[in-house]
Amino acid sequence: MFKIITSVIARDLKLAMRRQADIVSALFFFIIVVSLFPLGIGPEPDLLRKLAPGVLWVAALLATMLSLPRMFADDHRDGTLEQLALAPHPLGMVITGKVIAHWLVSGLPLAMIAPVLGIQFDLSSDALLVLTGAILLGTPALSGIGAIGAALTLGLRGGGVLLSLLVLPLYIPVLIFGAGAVDATVSGLGGEGHLSLLAAMTLAAIGFAPWASAAALKIALE
Amino acid sequence: MNDRFNLYRFASPATFYPLAGRMIPWFAAAAVLFGLAGLYLGMLVAPTDFQQGEGYRIIFIHVPTSWMSMFIYLVMAFWAAIGLAFNTRLSGMMAQALAPTGALMAFLSLWTGALWGKPMWGAWWVWDARLTSELILLFLYIGYMALVAAIDDPRRADKAGGVLLLVGVVNVPIIYFSVKWWNTLHQGSSVNLTKSSMAETMLWGMLLMALSFWMYSIAVALTRARTLMLERERHTDWVKAELAETQR
C-alpha cells in the first residue's frame with residue numbers, strides 16, 4: 001500500500017532531477033518577487049520588517065502556483081496518467097505520492113531560501129526561525145490543495161490562469177496563519193498557535209486533498 | 001411507490017421542464033408580493049434608528065443578499081453532491097443555473113455594505129472578517145463559473161464543477177474562522193453587525209425581504225435551468241416537440 005507512494009515519489013523526483021531548470025526557475029521567481037518589494041516600497045527597515053511575513057508568503061503562494069500545472073500535465077500527455085489510474089492501487093495513494101514529490105521540489109527549496117530573504121528584510125533570528133518553520137509546515141498544504149486545482153483544470157484551454165483563479169482563494173487560510181505566525185513572533189505574542197493550526201491544515205490537506213483530486217482526475221480522464 | 005407522488009419522476013429534464021415552467025410565475029409573484037410588503041414595512045413603517053438615522057434602511061437589502069449569497073452556495077453544493085453521487089443530469093444544471101444568482105447576491109451584499117459603511121464607519125471598505133469572507137465567497141463563485149465555462153463537454157463541466165463546489169464548501173468555514181482570528185489579532189473588532197435589540201417591524205421587514213429574495217432566486221434559477229435544459233437536450237424529441245409547440 002505504502003510502496004506505491006514511495007515509488008511514485010522516487011519516480012517523480014527522478015523526473016524532476018532530469019529537468020532541474022524548472023525547479024531553479026520557480027525558486028528564482030520567488031527570490032525576484034520578494035526582492036521587488038523593497039525596490040517598490042522603499043528601504044525603511046521598520047516598514048520592511050512589518051511587511052516581510054506577508055510579502056514572503058504571497059511570493060511563496062505564487063511560486064508554488066507556477067509549478068502546479070506541470071504536476072499532471074506531462075503524465076497526461078504521454079499516457080502515464082491513464083496507466084496509473086488503471087493500476088490496482090487506489091488513485092488517491094498515487095496522488096499522495098505526487099503531492100509529496102511536488103512539495104519536495106517546490107516547497108522545500110522555498111523554505112531553505114526563505115531565511116536568507118528574511119535577512120534582507122531585517123527580521124530577527126527568532127522571526128527567521130518561525131518563518132522557516134511556517135513555510136516548511138504550510139507549503140505541503142499548498143501542494144495538496146493545488147493538486148485538486150491541477151486535476152480539475154487538466155487539459156483545459158487557459159488552464160494556468162483558471163488554476164490560479166480556483167486555487168488562490170482556497171490558499172487564503174494558509175496565507176493568513178503562515179504570515180500570522182511570523183507576525184505574532186515579531187510582536188512578541190509567540191507563534192505556536194498559528195504553527196499548530198498550519199500543521200493541522202497540512203495534515204488535513206495531505207489526508208483529504210489527494211482523494212478529491214483523484215475524483216477530479218477520473219472526471220478529466222473519462 | 002405511488003406513481004402519482006413519485007418525486008424522482010422530475011429528475012428527468014423532459015418532465016421537469018414543464019413543471020418548472022408552471023412554477024416560475026408563482027415564485028415570481030411571491031417575490032413581488034413579499035418584496036412590496038417588505039419594502040413597505042422597511043421604508044415606511046419601521047422606526048428611524050436612534051444611532052444610524054435613516055441610513056440604516058439599507059439593511060433591508062444588505063442582510064437578505066448576504067444570507068442568500070451563503071445559502072445559494074450551500075444549495076449548489078447540495079446539488080453537486082447529488083449529481084456526483086447519483087449521476088443525475090439535472091443536478092449539474094441546477095448548480096450551474098444558481099451560480100450567477102449567487103454571485104450577484106454576493107456582489108450586491110458587498111456593494112450595499114460599502115454604501116452603508118461609508119456614512120456609518122467613514123470607509124467604503126474595512127478588512128473585517130465578514131467583509132473579507134464575503135469577498136472570498138464571491139471569488140469562489142467566479143472560480144466555479146470560470147471552470148464550468150472553460151470545459152466544453154457539459155457532463156464533464158458539471159462533475160468538475162461539483163468537485164470544486166464540494167471542496168469550496170469545506171473551505172468556507174475554515175476561511176471564515178481564519179479571517180476572523182486573523183483580524184482579532186491585529187485590531188479589536190470595531191464592527192459588529194449583530195444588533196442586540198431590534199424593533200419588531202424592522203425584523204419583520206428584513207424577513208419579508210429575505211423571503212422575497214429567496215423566491216426571486218428560485219424563479220430566476222428555474223428560468224436559467226429551463227434554458228440550459230433546452231440547450232443541452234436540443235437533440236432529443238421532447239425539446240423538438242416543445243419548440244414546435246411554441247412556434248405554432
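Visitor: Which ipTM does the model score?
Guide: The structure is a predicted model. Its scores are pTM 0.87 and, for the value requested, ipTM 0.86.

Visitor: How many helices does chain B have?
Guide: From the N terminus on, the elements of chain B run α-α-α-α-α-α-α. Chain B has zero strands, and its helices number seven.

Visitor: Among contacts in chain B between residues at least 6 apart in sequence, what percentage join residues at least 24 apart?
Guide: Chain B holds 248 residues, of which 38% are buried. Among its contacts between residues at least 6 apart in sequence, the share that joins residues at least 24 apart is 79%.

Visitor: Which element of chain B has the highest mean pLDDT?
Guide: Over chain B the mean pLDDT is 84, and 90% of the residues reach 70 or more. Among the elements, the lowest mean, 81, belongs to helix H5 (residues 154-186) of chain B. The highest mean, 91, belongs to helix H2 (residues 59-86) of chain B.

Visitor: Over which residues of chain B does pLDDT stay under 50?
Guide: Where pLDDT is low, the predicted coordinates should not be read in detail. The stretch in question has six contacts in the model beyond four places in sequence. In chain B, pLDDT stays under 50 over residues 186-193.

Visitor: Which element gives the most to the side of chain A that touches chain B?
Guide: The contact takes 21 residues from chain A and 22 residues from chain B. On the side of chain A, the elements that give two or more residues are helix H7 (125-152), helix H8 (159-186) and helix H9 (192-221) of chain A. By class, this side has 17 nonpolar, two polar and two charged residues. With eleven residues, the element that gives the most is H8(A).

Visitor: Which element supplies the largest share of the largest nonpolar core?
Guide: The largest nonpolar core has 141 residues, and those that touch the most other members are Leu56(A), Leu131(A), Ala151(A), Tyr171(A), Ala216(A) and Met76(B). The largest share of this core is 17 residues, and it comes from H8(A).

Visitor: Which residues are in contact with Leu56(A), leaving aside its neighbours within four places in sequence?
Guide: Leu56(A) is listed with the members of the largest nonpolar core that touch the most others. Leaving aside neighbours within four places in sequence, its contacts are Val34(A), Ala114(A), Leu117(A), Gly118(A) and Leu131(A).

Visitor: At roughly what angle do the axes of helix H6 (residues 91-120) of chain A and H9(A) cross?
Guide: Two packed helices are described by the angle between their axes and the distance between the axes. In H6(A), Leu91(A), Gly92(A), Ile95(A), Thr96(A) and Val99(A) meet residues of H9(A), among them Ile206(A), Pro210(A) and Trp211(A). The residues of this contact divide into eight nonpolar, three polar and one charged. H6(A) passes H9(A) in a right-handed crossing, and the axes come within 8 Å and cross at roughly 115°.

Visitor: Is Lys98(A) buried or exposed?
Guide: Lys98(A) is placed in helix H6 of chain A. Not counting residues up to four places away in sequence, Lys98(A) touches Val8(A), Asp12(A), Met71(A) and Ala147(A). A residue counts as buried if 20 or more other C-beta atoms lie within 10 Å. Because Lys98(A) has 26 C-beta neighbours inside 10 Å, Lys98(A) counts as buried.

Visitor: Near what value is the phi of Asp122(A)?
Guide: Asp122(A) lies in the loop between H6 and H7 of chain A. With 15 other C-beta atoms within 10 Å, Asp122(A) is partly exposed. Its phi is positive in a residue other than glycine, near 65°.

How values were computed: Residues numbered from 1 in each chain as written. Chains lettered and ligands numbered in written order. Predicted model: local features only at pLDDT ≥ 70, side-chain atom pairs only at ≥ 80, totals over all residues. Contact = placed C-beta atoms within 7 Å. Helix = DSSP H or I, 4+ residues; strand = E, 2+ residues; numbered from the N terminus. Nonpolar A, V, L, I, M, F, W, Y, C, P; charged D, E, K, R; others polar. Core = buried A, V, L, I, M, F, W, Y, C linked by C-beta atoms within 7 Å. Buried ≥ 20, exposed ≤ 12 C-beta atoms within 10 Å, placed from the backbone. pLDDT = per-residue confidence, 0-100. Axes fitted to C-alpha atoms, helices over the stretch in contact; angles between N-to-C directions. Left-handed = near helix turned anticlockwise from the far one by under 90°.
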